[in-house]
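Notebook open. Today I want to look at how two chains meet.

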Amino acid sequence: MKKNILTIMKKEFARFFGDKRLVFTTILMPGLMIYVMYSFMGNGFASKFNTAEDYVYQVYTVNLPESFQDLKSDEAIHITEIETADEAGAVKTNLENQEADLLAVFPADFDEAVAAYDSMTAQGAAPNISLYYNSVSQTSSTIYRSFCEIFNQYESALANKFDINAAEGEQYDFATEKDTTAEIFSMMLPMLMMVFLFSGCIAIAPESIAGEKERGTIATLLVTPMKRSELALGKILSLSVIGLLSGISSFLGTFVSLPQMMGGMSDEVGMNVNVYSGADFIMLLLVILSTVLLIIGMISIISGLSKSVKEAGTAVTPLMIVVMVIAITSMMGGGAQEGFYWYLIPLYNSVQCMSGIFSFTMLPVNLIITVVINIIYTLLLVGGLTKIFDSEKIMYS
Amino acid sequence: MMQELLRADNLCKTFKISKKQQRIEKTSEKTKVAVDRLSFCAYEGEVFGLLGPNGAGKTTTLRMLATLIKPDSGDAVINGSSITSDPNGVRSKIGFLTSELKLEDFFTPNYLFDFFSELYGVAPEVRNERKKRLFEKFGIDTFAEVKVANLSTGMKQKVSLVISLVNDPQIIIFDEPTNGLDVITAKVVTDFLLELKAEKKTILVSTHIFSLIEKICDRVGIIIQGKMVVCDTLANITAEKSLEDKFFEIYEEVAGEQV
């Protein structure tokens, strides 16, 4: 019994690994592509939110008051003081053309007006600074935000009653790198992993089962004294190993490049993949392996019922949509479910497990339930595939 | 008395007809009887030929005997194993060759021979000796490491034939063995069938080629519309007139059509 399963597996591996192009496109490329893409996206985000270091902002001011004269000493800002309304009009045109970054218009006697103004008793409006900018221009928005910040600080400094988090060198935010990493990974990775695993499996299973049927090579196997169940099990096991390799490749690509991508999006996110231990990875591997077995089993059944690879590809689409929807549930956050019954639901249990592992909230019992239940489902699917191989109506119609 | 190695007993097989097929054949019947209570036997060391026009049920009969499909009723016993109750026993005892059994393009004849030998449980020493002998006989040895995809049609068929014999079966079932082969390859195959016969193998062939029957068969069964209409030795059938004339005479009688 075992020997025939091994013979079939060896043949499937010889078929797959003997074809260098297939190995490259199924195993090496996904991880590499994801790594390159995510790193590229990360760098793209980073450069979008950060301006070149030696950039000098072109700022024009009207009636620059005494209190802000020291802005002129900032090397990153070049301030041109203008006098007339005509000149201001020209600067606005330049703003439109993204040639100037900011035009700040102060009231003529800004400092005095501010000193005289009391928000409790004043009748008229407070003195107003007009900041003209162009939100499409990266540099213009940046300097606009800085100026808003400067003026707001100045305003609060004038009437300082209390401060928040003023002590220097004090740590106020207790989110550690581990927490940040856990939060982002447990949201993103389960979804991405399900998608990667599914696409890895879909690349190989229809070809191996519907393809063999289409080409008439499976009939040659069916006239040998090998049991149908041995063929079904041999196929599913070998395809799962290949699917697993493809999944691991995608996982590594994502795992290594995701911090880069998230880091690029925001300066505050500190992520570190080293927060996960060997035990986490072993748990993850178990979940992924049992998930791949299940997915390969499902796609194999669909492929076995299809007449051609093309038909199998079409028939798998509804299953793919279901997998996507289930995968997205991890994005809703909240960590893993605790009730064991959630882990009886195939595919959803995998998403929950991965979410739990990445957020360090996985209960071992739920992990065991997931792996065992997935293996049981897979065995049922092996039984189904055996029935399909045994059915002359399906195999030779 | 010669030993009976194959006995088919009242084999029946019906297929469902699609709506489209019903229109084409102008019939309202939903099923078509492909094989109708077919019985015959084959003895050790003889070549038994199934002769009949296209669609007579020859291939369906052979597919049932090779356990690719199951009979609706009836049974056949091949060297002690029943096709209905012990299909795996049958599979291990026969060699089956038909054009619908394809070999994977990606692999070489050498690899495939070893692969199928393993599935039949052939020991490596036996396998290597057998492979060498068969590959030499059919000139496959020089193409042993060429992928099936790159072989010529004739060479592919020879490889298929050799693969069907990896288990050195006592009973060999060949469906149209020389179809699509050029005259030289066809002769190699015909001569090989005679050699197998000399080795006391039982061979069952289906064909519509009279000359092939005349050349290799000991006994002939003529199938028309799923029924075995004549089953006798070649000598008895061709006692009065040539096989071809005799066949048309029988066909007219049974099918009621002027040929």
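Below are my notes on the interface, then on the domains.

**Ground rules.** I'm working with a predicted model, where local features need pLDDT of at least 70, side-chain atom pairs count only at pLDDT 80 or more, and totals for chains, interfaces and linings use all residues. Residues are numbered from 1 along each chain as its sequence is written, chains are lettered from A in the order in which they are written, and side-chain values use heavy atoms, with hydrogens and water left out.

**Contacts and area.** I looked up contacts (heavy atoms within 4.5 Å) and got 28 residues of chain A against 25 residues of chain B. The two chains bury about 2500 Å² between them, with 59% of it on carbon and sulfur atoms; buried area is the accessible area (1.4 Å probe) lost on putting two parts together, summed over both. Val223(A), Pro225(A) and Glu392(A) supply 26% of what chain A buries against chain B, more than any other three residues.

I find three salt bridges between chain A and chain B (a Lys or Arg side-chain nitrogen within 4 Å of an Asp or Glu carboxyl oxygen). Lys11(A) and Glu104(B) meet in a salt bridge through their side chains, at 2.6 Å from N to O.

**Which elements?** The elements of chain A giving two or more residues to the side that touches chain B are α1 (2–17), α6 (177–215), α7 (217–222) and α13 (392–395); helices here are DSSP runs (H or I, at least four residues) numbered from the N terminus. The largest share, eight residues, comes from α1(A).

**Domains.** An automatic or database domain assignment sets the bounds: chain A has domain 1 (2–46 + 176–395) and domain 2 (57–157).
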